[in-house]
Amino acid sequence: MAVSKAVMSTSCRIQLCADGSRATAIALALAIALFVAPPSYAAAPPSDTSAAGVRGMVVSESEDAARAGVEILKHGGNAVDSAVATALAVGVTNPAACGIGGGGFMLIYIAKTHAFYALDYRETAPLQARPDMFLRNGKPDEELARDGILAVAVPGEIAGIDAALRRFGTMKFQQIAAPAEKLAEGGFAASPHLAGEIAHLAPKLKNDPGLSQVFLKPDGSMPKAGDTIVETNLAATLRRLGDDPVANFYHGEVATALAAFMKAHGGLISAADLANYRPIWRNPIRRRYQGYEVYAMPPPSSGGVVLEMLGALDSGHLAGLGIDSPPYLARLIEVMRQGFIDREQYADPAFVSVEIQRLLTDSHILELRERALHKKSAPQPQSPAHDHGTSNLLVADKDGNVVALTTTINTVFGAKLSVPALGLILNDEMDDFAVAPGVPNAYRLEGELANQVRPGKRPLSSMTPIIVTRNGLPVMTAGGSGGPTIVSGVLQVALDILAFHLDPASAVAEPRIHEQAAPDVVLVEEAMPAATRSALEQMGYKLKVVPALGAVGAITIAPGNFRGAFDARKGGGALGY
Ligand code: DON
């Protein structure tokens, strides 16, 4: 009791002081009050998740895919060529997470013009979609938005890849797709992550002829890590796309097959939906953090939420608190909570006026910081969602170009449906809409009206690749997978590198926390030191300890010195060259 009073009297859980000495005093007071040694704030030891490169770097959640990206760089391709080759390859080697049936975001820095570009090729609700399409007898049926034909939104992956290649690439689609085709045709070794996802989803995979044929053995058993998986039909589809993938995917025979599949199974996506799909070049958003400029994707991405959180934590004294210290983590928790409350205002800007510039102003950030100073609402513990879909990849090349790309089919194996002849796995991105106000989605994110289903609308996303510059030049890039833990994970890895000066491998390895306001429970990785966890509990936080929170990759960039790391939580590859 005395201890908890002493802790509360420091008010450190709600302090966002700009005063370093005061912050340090709070940390000290805490350590003394708790009669425990301060947790070790040393960086986690670098592991074999990291690599160094002289001319460039590719980081992916699949080592085979990273190798595809490096191969393209070695053949003279630039970061855009390499990123799309990596994306196509990871669609083959981690098909539970992403692929040509999905969509994503690409943040691009082109060195020659010192310019940033944000490409939105997010899936889109079909023209026949309606706000009440997931209500049955007046009640929301969330399962309809997750599994099955109504969950599918119009895929954007191929349109996005094509748009990026045509604008900034130097190679043709077939050259870029060659490594992916080879992996699909010749087979690849299932990663431990993929084997785990197949095991987790096996009962659902059994119900789909295409998925069971490819991802289960003929006797119905599951492949183990290291077993070879072959995706012959996907290889054929990639080849069939030729060098005009948009014409073939959205208008040609792939479109015809996809629309026919939809019609036969009661889906909403029509030939017109496919023909009308367009990727959108958007203006990247940015905000300063210390001496850096952080660039991110605008809505419907949650990039702005990361920028708001960084802004609220831009006190300059975080390092003095200590990386795993309770006062630092308490600040993170309160700022994350307020950031996620603001996230409710984010949605597709074509349908809802998202005041993104206002949300990034100093006055709004100050207001967020003030809100974080006030007490949180009563915690309502809930189980975290099991989900490790989505794939992030990062490329930096010798000419200074950088691409941060996150792509997804949403939850693991998307809608758990495939078009067998095409080898194409359908996304369940409709679940990223609000099925009904207040109804949580697969990530326990509660829906708001702004994110209601509308025909032709893009659902709000947590995917948030970032690129950070100093004096106008990129110095790091990061991105992740894991639903809303992408937002908190990218935030923490960025802070670990920018404020705590960790190298990418140490930053990615640091134990992470996650708070998303609703449900109001702090998720903490079990690797977080026990003393830190109990200090947070003594501050009044209800914690839920989980094995891992999403996966984040990062690259730091300096002339002739690229350092990259993938996340051991999910596996992958970081390959320099
Ligand atoms: O765009 C989004 O926010 C989600 N579809 C991302 C899903 C995801 O990261 C899956 N992994 N947990």
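**Entry 1: the largest cavity**

Which residues lie nearest the centre of the largest cavity? I looked this up in a predicted model. I found Gly91, Cys98, Gly99, Ile100 and Leu234 nearest the centre. In total, 17 residues line this cavity.

I then asked which elements supply the lining. I noted that α4 (79–93), α10 (232–240) and β15 (424–425) each give at least two residues. The largest share comes from α4, with four residues.

I sorted the lining by class. Eleven residues are nonpolar, four are polar and two are charged. The space inside is about 120 Å³. I also searched the whole structure, and I got five cavities of 30 Å³ or more.

**Entry 2: the ligand**

Next I turned to the ligand. I listed 16 residues around the ligand. Thr390, Asp432, Ser461, Ser462 and Gly483 come nearest. By class, I wrote down three nonpolar, nine polar and four charged residues in this shell.

Which atoms of the ligand face polar side-chain atoms of Thr390 and Asp432? For Thr390, I found a polar side-chain atom 2.6 Å from an oxygen atom of the ligand. An N or O atom in the Glu429 side chain is 2.6 Å from a nitrogen atom of the ligand.

How much of the ligand's accessible area does the protein cover? On its own, the ligand has 340 Å² of accessible area, and the protein covers 99% of that.

**Entry 3: aromatic pairs**

I counted aromatic pairs and got nine.

**Entry 4: backbone checks**

Last, I went through the backbone. Most peptide bonds are trans, and most residues other than glycine have a negative phi. I looked for exceptions.

Pro299 and Pro300 are joined by a cis peptide bond, with omega about 10 degrees. I placed Pro300 in the loop between β11 (292–296) and α14 (303–312).

Ala518 and Pro519 are also joined by a cis peptide bond, and omega there is about 0 degrees. The loop holding Pro519 runs between β18 (513–514) and β19 (522–525).

Where is Lys416? I found Lys416 in the loop between β13 (402–408) and β14 (418–419). Its phi is positive, near 60 degrees, and Lys416 is not a glycine.

Technical notes. Residues are numbered from 1 along each chain as its sequence is written. This is a predicted model: local features need pLDDT of at least 70, side-chain atom pairs count only at pLDDT 80 or more; totals for chains, interfaces and linings use all residues. Side-chain values use heavy atoms; hydrogens and water are left out. A residue is near a molecule or strand if one of its heavy atoms lies within 4 Å of it. A polar contact is a pair of N or O atoms within 3.5 Å; within protein, one must be able to donate a hydrogen and the other to accept it, and residues adjacent in sequence count only if both atoms are side-chain atoms. Accessible areas come from the Shrake-Rupley method with a 1.4 Å probe; for residues, only the protein chains shown count as cover. Ala, Val, Leu, Ile, Met, Phe, Trp, Tyr, Cys and Pro count as nonpolar, Asp, Glu, Lys and Arg as charged, and the others, Gly among them, as polar. On a 1 Å grid over the protein atoms alone, a cavity is a set of points where a 1.4 Å probe fits but cannot get out, and a pocket is an open set with protein on both sides within 12 Å along at least five of seven lines; lining residues have an atom within 4 Å of a point. Grid points are joined across faces, edges and corners, and a volume is the space filled by probe spheres set on the points. Rings of Phe, Tyr and Trp (its six-membered ring) pair if their centres lie within 6.5 Å; planes under 30 degrees apart count as stacked, over 60 as edge-to-face and the rest as tilted.
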